[in-house]
Amino acid sequence: MANDKRSAGRFAKYLWLISALVIMMLAVYLPLPESLLTLDNAQLSAPGRVSIGVMLFCLVLWISEPVPFHITGFLGMILLALFKAGSFPEVIRLGFGNDTLIFFIGVLIISACVTRSGLGQRLSLLVLRLTGNKTHHILLGMLIAGAVISMWLTTLAAAALLVPLALSIAREAGLKKGKSAFGKALFIAVVWGSLLGGPATPAGSGANPLALGFIREMLGIELSFTDWMVYGIPCMLALILPAWGILLLFFKPEIKTLGKSSEDLKRDYLALPPLSRDEKSTLAIFLLTVLLWLTGKPLGRLLGMSIPTSLPAILGGCLFFLPGVSSVTWDEVQKDISWSGILLIGSGISLGMLMYQSGAAQWLATLLLSNIASLSAFSRILAVILIVSALKLGLSSNTVTATVVIPIMIALAGQQGLSPLGLVIPAAMSMNAAYILVTSSPTGVIPYSTGWFSIRDMALPGILMTLAATGLTGLVLYLIGLFTGIY
């Protein structure tokens, strides 16, 4: 029986691979009328058809997962070269000659050190001390903690840090797995809270530095860390209370308080030993990195140099390994670093850049969104957010979503004479909107794997959360955009 299941699984994987190849070949070689190949001023060239075909090949494999995400990215890069959309050295240079990778590596190192040093556990206990023992307040505290942590350490790191805290709360309250309404809300709050902080800063998600890279390479616009936060922080803040309300609406806690009193929780926190040397070093490096992110532009002018967001990130990552700074070793840290995510970002940049340079992104934008210029600015924002949210149902990687969406939005803006940032910013702020399906983001997989809620448990409130997020994010971005001049 087990062998039959394995054979069936292998057959399904081969079927997806063959399907992806067939779809790619059709996109590249299927005869198309000249009227379709040339839409207004957007012409679909042979390299452009190859880049679209390869992107479709990767999309099929990214959705069906017969091979790991990052391997799919590399296969796509190889196919781009084999079908002569660009030379292989050019494909590599477009993706891996980009400082976005350095930024992501730095953030992952810092995140790993926060966990390994014990600082992450201390922060988790601090959350309980602040929320007290009321279940309503704990849910709100979990959402806020997830948002605040993820805006600096990525959504995945926030979920990984908060799951142990949620487990300890569930055990303390004596909840029944899969049956407790409070238990379901608690672990979904870990998912949603972590996702809410994703768009707040460039460090919140792997998709954010990728979007910044596309904006810089394709538009020549350098958005600083604080430039991004002008849009990201308000979007995050606007969604915390609605998320809390929706969770309470669907999962009214069956208990009002935990077994431990608020005083007991405070005593537990105060009973912790003093900060260790590793925790002090980690906290100091983390705060220094954040300070450099926030002051990069003025400090760069003072020093007469450019300080991109990648420089403080990798500087912070390096400081941990100077003699006497921390006992956390590189061998420990590298086990926590998502090297597959790094490879995916590099290959994603290559695919996105070649789609843009070949004209394929412009052609796709004309085909799919040719009438968006006729909409009002607010309606355009809502349309973009809804499109990205719909894509998130099938794309389980924020990086993949950015690879697909951002080049198309930039090309569309150029073609329709719209503000590029007016389309790119709403898309970027929606790339973490994975509130419906657990499979829409790796961030949801960690809490879901504990078994405290089902896919259906999250999907139903997630639909309402997605609609609320669309309207509120759209309104926030429209108002901010009026002041910043992108609308």
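Student: Buried means under 20% relative accessible area, exposed over 50%, and partly exposed in between (1.4 Å probe, protein chains only). How does Leu 460 count?

Tutor: Leu 460 counts as partly exposed because its relative accessibility is 41%. One caution: this is a predicted model, where local features need pLDDT of at least 70 and side-chain atom pairs count only at pLDDT 80 or more, while totals for chains, interfaces and linings use all residues. Residues are numbered from 1 along each chain as its sequence is written, and side-chain values use heavy atoms, with hydrogens and water left out.

Student: Which helix holds Leu 460?

Tutor: Leu 460 is in helix H24. Helices (H or I, at least four residues) and strands (E, at least two) are DSSP runs, numbered from the N terminus.

Student: Which residues make the nonpolar surface patch?

Tutor: Leu 249, Phe 250, Leu 460, Ile 463, Leu 464 and Leu 467 make a patch of about 560 Å². Helix H12 (225-250) and helix H24 (455-484) each give two or more residues. H24 gives the most, with four.

Student: What gets a residue into a nonpolar patch?

Tutor: Over 30% relative accessible area, no salt bridge, and nonpolar side chains (Val, Leu, Ile, Met, Phe, Trp, Tyr) joined within 5 Å. A salt bridge is a side-chain nitrogen of Lys or Arg within 4 Å of a carboxyl oxygen of Asp or Glu. Areas come from the Shrake-Rupley method with a 1.4 Å probe, and for residues only the protein chains shown count as cover.

Student: New topic. How many helices and strands are there?

Tutor: The chain has 24 helices and two strands. Of its 487 residues, 55% count as buried. The chain exposes about 20,200 Å², and carbon and sulfur atoms supply 67% of that.

Student: How much of H22 is buried?

Tutor: Nine of the 10 residues in H22 (residues 420-429) are buried. Among them are Leu 421, Pro 426 and Met 429.

Student: What about Asn 133, buried or exposed?

Tutor: Asn 133 counts as buried because its relative accessible area is 12%. It lies in the loop between helix H7 (119-131) and helix H8 (135-153).

Student: How far is Asn 133 from Glu 263?

Tutor: Their C-alpha atoms are separated by 8.9 Å, though the two residues are 130 apart along the chain.

Student: Last one. How many disulfides?

Tutor: Zero, taking a disulfide as a pair of cysteine sulfur atoms within 2.5 Å.

Definitions and conventions:
Patch = residues over 30% accessible without salt bridge, like charges linked within 9 Å, V, L, I, M, F, W, Y side chains within 5 Å.
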